[in-house]
Amino acid sequence: MRRLFPQPTPPEVAAPSVSPAGPGEGAAPSVRPGPSGPPWPLEELADAYAYPASAAPDAPGGPTPWLRGNMVSSLDGAAHHGGRSQPLSSDADMRVFGVLRALADAVVVGAETVRQEGYRPARARAAFAARRRAAGQGPAPAIAVVSAGLDLDFSLPLFTEPLVPTLVLTGAAAPADRQAAARAAGAVVVHAGEGTGVDPARVPGLLAEHGHTRLLTEGGPRLLGQFAAAGVLDELCLTLSPRITVGNASRITDGPGLAAPAEYALVSLVEEDGFLFTRYRRAGAVPPG
Ligand SMILES: NC(=O)c1ccc[n+]([C@@H]2O[C@H](COP(=O)([O-])OP(=O)(O)OC[C@H]3O[C@@H](n4cnc5c(N)ncnc54)[C@H](OP(=O)(O)O)[C@@H]3O)[C@@H](O)[C@H]2O)c1
(Lines give C-alpha, C1' and ligand atoms only; values in the text may rest on other atoms or scores of the structure.)
Protein backbone atom coordinates (compact mmCIF):
# COMPACT_ATOMS: atom_id res chain seq x y z
CA MET A 1 0.00 0.00 0.00
CA ARG A 2 1.41 3.42 -0.84
CA ARG A 3 0.26 6.94 -0.13
CA LEU A 4 -0.17 9.14 -3.18
CA PHE A 5 -1.73 12.15 -1.45
CA PRO A 6 -0.79 14.07 0.61
CA GLN A 7 2.62 13.85 -1.02
CA PRO A 8 4.79 11.29 0.78
CA THR A 9 7.62 12.69 2.87
CA PRO A 10 11.12 12.37 1.32
CA PRO A 11 12.04 8.84 2.57
CA GLU A 12 8.99 7.39 0.77
CA VAL A 13 9.72 9.30 -2.43
CA ALA A 14 12.03 7.79 -4.99
CA ALA A 15 15.33 9.56 -5.39
CA PRO A 16 15.15 11.58 -8.58
CA SER A 17 16.37 9.25 -11.26
CA VAL A 18 17.79 9.97 -14.68
CA SER A 19 15.35 9.02 -17.38
CA PRO A 20 16.44 5.97 -19.41
CA ALA A 21 16.11 8.24 -22.42
CA GLY A 22 18.70 10.57 -20.98
CA PRO A 23 18.69 13.84 -19.03
CA GLY A 24 16.16 16.36 -20.13
CA GLU A 25 14.14 13.90 -22.20
CA GLY A 26 11.52 13.00 -19.59
CA ALA A 27 10.62 14.07 -16.10
CA ALA A 28 11.59 11.73 -13.30
CA PRO A 29 8.48 10.34 -11.58
CA SER A 30 7.78 11.92 -8.22
CA VAL A 31 6.48 8.62 -6.84
CA ARG A 32 8.14 5.27 -7.40
CA PRO A 33 6.15 3.24 -9.95
CA GLY A 34 5.61 -0.50 -9.65
CA PRO A 35 4.40 -2.63 -6.76
CA SER A 36 2.31 -0.96 -4.09
CA GLY A 37 4.47 -2.28 -1.27
CA PRO A 38 3.35 -4.41 1.66
CA PRO A 39 0.02 -3.83 3.38
CA TRP A 40 0.18 -1.25 6.14
CA PRO A 41 0.01 -2.58 9.68
CA LEU A 42 -3.54 -2.32 11.03
CA GLU A 43 -2.41 0.22 13.64
CA GLU A 44 -1.03 2.51 10.95
CA LEU A 45 -4.20 2.18 8.90
CA ALA A 46 -6.31 2.94 11.96
CA ASP A 47 -4.22 6.05 12.70
CA ALA A 48 -4.63 7.19 9.11
CA TYR A 49 -8.42 6.92 9.32
CA ALA A 50 -8.88 8.27 12.85
CA TYR A 51 -12.12 10.15 13.50
CA PRO A 52 -11.88 13.84 14.34
CA ALA A 53 -11.27 14.53 18.01
CA SER A 54 -14.50 16.55 17.98
CA ALA A 55 -16.47 13.27 17.71
CA ALA A 56 -14.83 11.70 20.77
CA PRO A 57 -16.78 11.54 24.04
CA ASP A 58 -14.18 13.72 25.81
CA ALA A 59 -14.32 16.51 23.19
CA PRO A 60 -14.45 19.93 24.87
CA GLY A 61 -18.09 20.98 25.03
CA GLY A 62 -19.25 17.44 24.24
CA PRO A 63 -18.93 15.34 21.12
CA THR A 64 -20.27 16.34 17.72
CA PRO A 65 -21.36 13.38 15.58
CA TRP A 66 -19.28 12.70 12.47
CA LEU A 67 -20.82 10.61 9.68
CA ARG A 68 -18.39 8.87 7.38
CA GLY A 69 -19.44 6.76 4.40
CA ASN A 70 -17.50 3.82 3.03
CA MET A 71 -18.32 2.55 -0.45
CA VAL A 72 -16.67 0.75 -3.34
CA SER A 73 -17.29 1.57 -6.98
CA SER A 74 -16.20 -0.04 -10.24
CA LEU A 75 -14.31 2.09 -12.77
CA ASP A 76 -17.56 2.55 -14.65
CA GLY A 77 -19.50 3.62 -11.57
CA ALA A 78 -21.29 0.43 -10.47
CA ALA A 79 -21.94 0.05 -6.75
CA HIS A 80 -22.53 -3.68 -7.01
CA HIS A 81 -22.32 -6.58 -9.42
CA GLY A 82 -25.18 -9.05 -9.32
CA GLY A 83 -26.49 -7.41 -6.15
CA ARG A 84 -23.25 -7.82 -4.18
CA SER A 85 -20.33 -5.48 -3.61
CA GLN A 86 -17.85 -8.35 -3.09
CA PRO A 87 -17.04 -8.74 -6.83
CA LEU A 88 -15.74 -5.15 -6.76
CA SER A 89 -13.67 -5.61 -3.63
CA SER A 90 -10.18 -6.90 -2.77
CA ASP A 91 -8.16 -7.95 0.25
CA ALA A 92 -6.96 -4.39 0.72
CA ASP A 93 -10.51 -3.04 0.41
CA MET A 94 -11.73 -5.51 3.01
CA ARG A 95 -8.85 -4.48 5.28
CA VAL A 96 -9.86 -0.81 5.04
CA PHE A 97 -13.52 -1.83 5.48
CA GLY A 98 -12.60 -3.70 8.66
CA VAL A 99 -10.52 -0.84 10.04
CA LEU A 100 -13.28 1.69 9.40
CA ARG A 101 -15.70 -0.56 11.27
CA ALA A 102 -13.23 -1.02 14.10
CA LEU A 103 -13.03 2.76 14.56
CA ALA A 104 -16.80 3.33 14.57
CA ASP A 105 -19.33 3.50 17.39
CA ALA A 106 -22.14 2.53 15.03
CA VAL A 107 -22.53 1.35 11.44
CA VAL A 108 -25.64 2.70 9.73
CA VAL A 109 -26.97 0.61 6.88
CA GLY A 110 -30.06 0.49 4.68
CA ALA A 111 -32.40 -2.47 5.01
CA GLU A 112 -31.89 -3.57 1.40
CA THR A 113 -28.14 -3.92 1.93
CA VAL A 114 -28.86 -5.95 5.07
CA ARG A 115 -31.16 -8.22 3.04
CA GLN A 116 -28.90 -8.49 -0.05
CA GLU A 117 -25.59 -8.86 1.74
CA GLY A 118 -26.82 -11.04 4.62
CA TYR A 119 -25.54 -8.68 7.33
CA ARG A 120 -24.27 -10.19 10.56
CA PRO A 121 -23.39 -8.43 13.82
CA ALA A 122 -20.01 -6.71 13.90
CA ARG A 123 -17.40 -8.84 15.63
CA ALA A 124 -14.90 -7.93 18.29
CA ARG A 125 -11.35 -7.99 16.94
CA ALA A 126 -8.44 -8.56 19.27
CA ALA A 127 -6.25 -6.26 17.16
CA PHE A 128 -8.48 -3.30 18.05
CA ALA A 129 -9.55 -4.20 21.60
CA ALA A 130 -7.09 -1.87 23.37
CA ARG A 131 -7.71 0.99 20.94
CA ARG A 132 -11.48 0.70 21.41
CA ARG A 133 -11.18 0.56 25.19
CA ALA A 134 -8.97 3.65 25.19
CA ALA A 135 -11.47 5.44 22.94
CA GLY A 136 -14.30 4.65 25.38
CA GLN A 137 -15.93 2.23 22.94
CA GLY A 138 -17.52 -1.17 23.46
CA PRO A 139 -15.97 -4.29 21.90
CA ALA A 140 -17.61 -3.79 18.49
CA PRO A 141 -19.72 -1.17 16.74
CA ALA A 142 -23.49 -1.36 16.90
CA ILE A 143 -25.26 -1.94 13.60
CA ALA A 144 -28.12 0.51 12.98
CA VAL A 145 -30.54 -0.68 10.29
CA VAL A 146 -32.68 1.93 8.52
CA SER A 147 -36.07 0.63 7.43
CA ALA A 148 -39.64 1.84 6.91
CA GLY A 149 -41.39 -1.46 6.10
CA LEU A 150 -39.42 -3.49 8.69
CA ASP A 151 -39.57 -6.50 6.40
CA LEU A 152 -36.52 -7.92 8.14
CA ASP A 153 -35.88 -11.38 9.55
CA PHE A 154 -35.63 -10.60 13.25
CA SER A 155 -34.61 -14.20 14.03
CA LEU A 156 -31.20 -13.57 12.40
CA PRO A 157 -28.03 -13.27 14.50
CA LEU A 158 -27.85 -9.58 13.49
CA PHE A 159 -30.77 -9.00 15.87
CA THR A 160 -30.50 -11.87 18.34
CA GLU A 161 -26.74 -12.29 18.89
CA PRO A 162 -24.95 -8.95 18.59
CA LEU A 163 -22.26 -7.97 21.10
CA VAL A 164 -24.01 -4.62 21.38
CA PRO A 165 -27.73 -4.35 20.64
CA THR A 166 -28.63 -3.67 17.03
CA LEU A 167 -30.62 -0.48 16.48
CA VAL A 168 -33.56 -0.26 14.13
CA LEU A 169 -34.10 3.28 12.85
CA THR A 170 -37.62 3.71 11.56
CA GLY A 171 -40.61 6.03 11.57
CA ALA A 172 -43.09 6.26 14.43
CA ALA A 173 -45.85 5.04 12.06
CA ALA A 174 -43.94 1.98 10.84
CA PRO A 175 -45.89 -1.30 11.29
CA ALA A 176 -46.41 -1.67 15.04
CA ASP A 177 -46.26 -5.47 14.98
CA ARG A 178 -42.89 -5.35 13.20
CA GLN A 179 -41.57 -2.83 15.69
CA ALA A 180 -42.67 -5.19 18.46
CA ALA A 181 -40.93 -8.10 16.71
CA ALA A 182 -37.72 -6.07 16.51
CA ARG A 183 -37.88 -5.27 20.23
CA ALA A 184 -38.70 -8.90 21.11
CA ALA A 185 -35.54 -9.97 19.26
CA GLY A 186 -33.48 -7.61 21.39
CA ALA A 187 -33.14 -4.67 19.00
CA VAL A 188 -33.47 -1.06 20.11
CA VAL A 189 -36.12 0.69 18.01
CA VAL A 190 -35.44 4.39 17.43
CA HIS A 191 -38.02 6.66 15.83
CA ALA A 192 -36.42 9.08 13.42
CA GLY A 193 -39.53 10.35 11.66
CA GLU A 194 -43.22 10.90 12.26
CA GLY A 195 -44.45 8.84 9.29
CA THR A 196 -43.17 5.37 8.37
CA GLY A 197 -39.82 6.65 7.12
CA VAL A 198 -36.65 8.05 8.63
CA ASP A 199 -35.60 11.68 8.29
CA PRO A 200 -31.91 11.24 7.34
CA ALA A 201 -30.98 14.63 8.80
CA ARG A 202 -32.06 13.42 12.26
CA VAL A 203 -30.00 10.23 12.23
CA PRO A 204 -26.62 11.57 13.51
CA GLY A 205 -28.23 13.47 16.39
CA LEU A 206 -30.43 10.54 17.41
CA LEU A 207 -27.51 8.12 17.36
CA ALA A 208 -25.51 10.61 19.43
CA GLU A 209 -28.30 10.48 22.04
CA HIS A 210 -27.58 6.74 22.21
CA GLY A 211 -23.88 7.42 22.77
CA HIS A 212 -22.82 6.87 19.15
CA THR A 213 -20.98 9.83 17.62
CA ARG A 214 -18.28 8.19 15.47
CA LEU A 215 -20.62 7.05 12.74
CA LEU A 216 -19.98 4.97 9.65
CA THR A 217 -22.50 4.31 6.91
CA GLU A 218 -21.95 1.42 4.52
CA GLY A 219 -24.83 2.50 2.28
CA GLY A 220 -26.46 1.24 0.25
CA PRO A 221 -26.85 3.78 -2.50
CA ARG A 222 -30.40 4.84 -1.66
CA LEU A 223 -29.50 5.54 1.96
CA LEU A 224 -26.19 7.21 1.12
CA GLY A 225 -27.94 9.46 -1.40
CA GLN A 226 -30.30 10.68 1.32
CA PHE A 227 -27.48 11.40 3.76
CA ALA A 228 -25.61 13.35 1.08
CA ALA A 229 -28.76 15.23 0.04
CA ALA A 230 -29.51 16.11 3.66
CA GLY A 231 -26.01 17.58 4.05
CA VAL A 232 -25.02 15.23 6.88
CA LEU A 233 -22.44 13.10 5.07
CA ASP A 234 -19.26 14.60 6.55
CA GLU A 235 -16.80 12.30 4.83
CA LEU A 236 -16.71 9.74 2.05
CA CYS A 237 -14.17 6.93 1.88
CA LEU A 238 -14.58 5.73 -1.68
CA THR A 239 -12.66 2.77 -3.03
CA LEU A 240 -12.21 2.88 -6.77
CA SER A 241 -11.97 -0.71 -7.98
CA PRO A 242 -9.99 -1.34 -11.17
CA ARG A 243 -12.88 -3.30 -12.70
CA ILE A 244 -15.53 -2.59 -15.30
CA THR A 245 -18.93 -4.23 -14.99
CA VAL A 246 -21.13 -2.55 -17.64
CA GLY A 247 -24.76 -3.42 -16.72
CA ASN A 248 -27.23 -1.15 -14.98
CA ALA A 249 -26.21 -1.32 -11.32
CA SER A 250 -26.78 1.91 -9.43
CA ARG A 251 -23.97 4.30 -8.61
CA ILE A 252 -22.88 4.67 -4.99
CA THR A 253 -25.74 7.14 -4.49
CA ASP A 254 -29.24 6.68 -5.80
CA GLY A 255 -32.09 9.16 -5.59
CA PRO A 256 -33.26 12.53 -6.85
CA GLY A 257 -30.45 14.78 -8.04
CA LEU A 258 -29.34 17.72 -5.89
CA ALA A 259 -30.18 21.24 -7.01
CA ALA A 260 -26.43 21.95 -6.98
CA PRO A 261 -23.61 19.42 -6.55
CA ALA A 262 -22.27 19.18 -2.99
CA GLU A 263 -18.55 19.99 -2.70
CA TYR A 264 -16.06 17.58 -1.14
CA ALA A 265 -12.30 18.05 -0.74
CA LEU A 266 -9.68 15.32 -1.07
CA VAL A 267 -8.07 14.40 2.26
CA SER A 268 -6.00 11.40 1.27
CA LEU A 269 -5.33 8.94 -1.53
CA VAL A 270 -3.74 5.54 -1.07
CA GLU A 271 -3.14 2.78 -3.62
CA GLU A 272 -2.78 -0.98 -3.45
CA ASP A 273 -2.90 -3.39 -6.37
CA GLY A 274 -4.57 -0.82 -8.60
CA PHE A 275 -7.31 -0.07 -6.05
CA LEU A 276 -7.51 3.61 -5.09
CA PHE A 277 -8.59 4.40 -1.54
CA THR A 278 -9.88 7.94 -1.55
CA ARG A 279 -11.02 9.97 1.39
CA TYR A 280 -13.02 13.14 0.88
CA ARG A 281 -14.38 15.61 3.41
CA ARG A 282 -17.48 17.73 2.91
CA ALA A 283 -16.66 21.37 2.36
CA GLY A 284 -17.63 23.13 5.56
CA ALA A 285 -17.45 20.02 7.75
CA VAL A 286 -15.39 20.53 10.91
CA PRO A 287 -11.80 19.44 10.18
CA PRO A 288 -10.34 16.62 12.26
CA GLY A 289 -8.57 18.01 15.31
N1 LIG B 1 -20.63 -0.53 -3.38
C2 LIG B 1 -20.81 -0.49 -2.11
O3 LIG B 1 -19.92 -0.08 -1.36
C4 LIG B 1 -22.13 -0.94 -1.54
C5 LIG B 1 -22.42 -0.70 -0.21
C6 LIG B 1 -23.65 -1.10 0.29
C7 LIG B 1 -24.54 -1.73 -0.55
N8 LIG B 1 -24.24 -1.97 -1.83
C9 LIG B 1 -25.19 -2.63 -2.72
O10 LIG B 1 -26.34 -1.82 -2.81
C11 LIG B 1 -27.48 -2.63 -2.99
C12 LIG B 1 -28.55 -2.19 -2.02
O13 LIG B 1 -28.64 -0.80 -2.00
P14 LIG B 1 -30.01 -0.01 -2.16
O15 LIG B 1 -29.67 1.38 -2.53
O16 LIG B 1 -30.94 -0.79 -3.04
O17 LIG B 1 -30.63 -0.09 -0.74
P18 LIG B 1 -30.20 0.46 0.71
O19 LIG B 1 -29.92 1.90 0.64
O20 LIG B 1 -29.23 -0.45 1.34
O21 LIG B 1 -31.57 0.20 1.47
C22 LIG B 1 -32.75 0.78 1.00
C23 LIG B 1 -33.78 0.45 2.05
O24 LIG B 1 -33.42 1.14 3.24
C25 LIG B 1 -34.58 1.62 3.86
N26 LIG B 1 -34.56 3.08 3.78
C27 LIG B 1 -33.77 3.87 3.03
N28 LIG B 1 -34.04 5.15 3.28
C29 LIG B 1 -35.01 5.16 4.23
C30 LIG B 1 -35.70 6.17 4.94
N31 LIG B 1 -35.45 7.48 4.71
N32 LIG B 1 -36.62 5.80 5.83
C33 LIG B 1 -36.86 4.51 6.09
N34 LIG B 1 -36.24 3.51 5.47
C35 LIG B 1 -35.33 3.84 4.56
C36 LIG B 1 -35.75 1.06 3.09
O37 LIG B 1 -35.97 -0.20 3.72
P38 LIG B 1 -37.38 -0.96 3.76
O39 LIG B 1 -37.57 -1.44 2.35
O40 LIG B 1 -37.15 -2.07 4.72
O41 LIG B 1 -38.40 0.01 4.19
C42 LIG B 1 -35.17 0.91 1.70
O43 LIG B 1 -35.85 -0.05 0.94
C44 LIG B 1 -27.04 -4.05 -2.77
O45 LIG B 1 -26.96 -4.67 -4.02
C46 LIG B 1 -25.66 -3.93 -2.16
O47 LIG B 1 -24.81 -4.95 -2.58
C48 LIG B 1 -23.05 -1.58 -2.34
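In this predicted model, Pro6 lies in the loop that runs between strand S1 (2–5) and helix H1 (42–48). The peptide bond joining Phe5 to Pro6 is cis, and its omega angle is about -5°. A cis peptide bond is also found from Gly219 to Gly220, where omega is near 0°. Gly220 belongs to the loop between strand S7 (214–217) and H8, and both Gly219 and Gly220 are listed with Gly110, Glu112 and Thr113 as the residues that come nearest to the ligand.

The shell around the ligand holds 30 residues. Strand S2 (66–74), helix H3 (111–117) and helix H8 (221–229) are the elements that give two or more residues to this shell. The most come from H3, which gives five residues. Sorted by class, the shell has 11 nonpolar, 12 polar and seven charged residues.

The protein as a whole has 289 residues, of which 37% are buried. Its secondary structure consists of eight helices and 10 strands. Among the contacts with a separation of 6 or more, 70% are between residues 24 or more positions apart.

Strand S2, one of the contributors to the ligand shell, is mostly covered, with nine of its nine residues buried. Trp66, Arg68, Asn70, Val72 and Ser74 point one way from the strand, while Leu67, Gly69, Met71 and Ser73 point the other way. S2 pairs with S7 in the parallel sense through four bridges, and in this pairing Arg68 stands opposite Leu216. S2 also pairs with strand S8 (residues 235–241), again in parallel, over seven bridges. Here Asn70 has Cys237 as its bridge partner.

The loop between S2 and H2 contains Leu88. Leu88 counts as buried because it has 24 C-beta neighbours inside 10 Å, and 20 or more are required. Apart from neighbours within four places in sequence, Leu88 is in contact with Val72, Ser74, His81, Ser241 and Arg243. Val72 and Ser74 are residues of S2 that point one way from the strand. Arg243 is 155 residues from Leu88 along the chain, yet the C-alpha atoms of the two are separated by 6.8 Å.

In soluble globular proteins, nonpolar side chains tend to be buried together. The largest nonpolar core of this model has 66 residues, and Val107, Ile143, Ala144, Val145 and Leu169 have the most contacts inside it. Helix H2 (residues 91–103) supplies the largest share of this core, six residues. The buried residues of H2 are Ala92, Asp93, Val96, Val99, Leu100, Ala102 and Leu103.

Ile143, one of the core residues with the most contacts, lies in contact with Val107, Val109, Tyr119, Pro121, Ala122, Leu158, Pro162 and Thr166 when neighbours within four places in sequence are left aside. Val107, a partner of Ile143, is also listed among the core residues with the most contacts.

Two residues other than glycine have a positive phi in the loops described next. Leu150, with phi near 60°, is found between strand S4 (142–146) and helix H5 (157–160). Leu150 counts as buried because 22 C-beta neighbours lie inside 10 Å. Asp273 has a phi of about 50° and is placed in the loop between strand S9 (264–272) and strand S10 (275–282). Asp273 is partly exposed, because 13 other C-beta atoms lie within 10 Å, a count that falls between the limit of 12 or fewer for exposed residues and that of 20 or more for buried ones.

Gly186 occupies the loop between helix H6 (176–185) and strand S6 (188–191). Gly186 counts as partly exposed, because it has 13 C-beta neighbours inside 10 Å. Beyond its neighbours within four places in sequence, Gly186 is in contact with Phe159, Thr160 and Pro165. The C-alpha atoms of Gly186 and Phe154 are separated by 8.9 Å, and the two residues are 32 apart along the chain.

Technical notes:
Residues numbered from 1 in each chain as written. Predicted model: local features only at pLDDT ≥ 70, side-chain atom pairs only at ≥ 80, totals over all residues. Near = placed C-beta within 6 Å. Nonpolar A, V, L, I, M, F, W, Y, C, P; charged D, E, K, R; others polar. Core = buried A, V, L, I, M, F, W, Y, C linked by C-beta atoms within 7 Å. Contact = placed C-beta atoms within 7 Å. Pairing = 2+ DSSP bridges.
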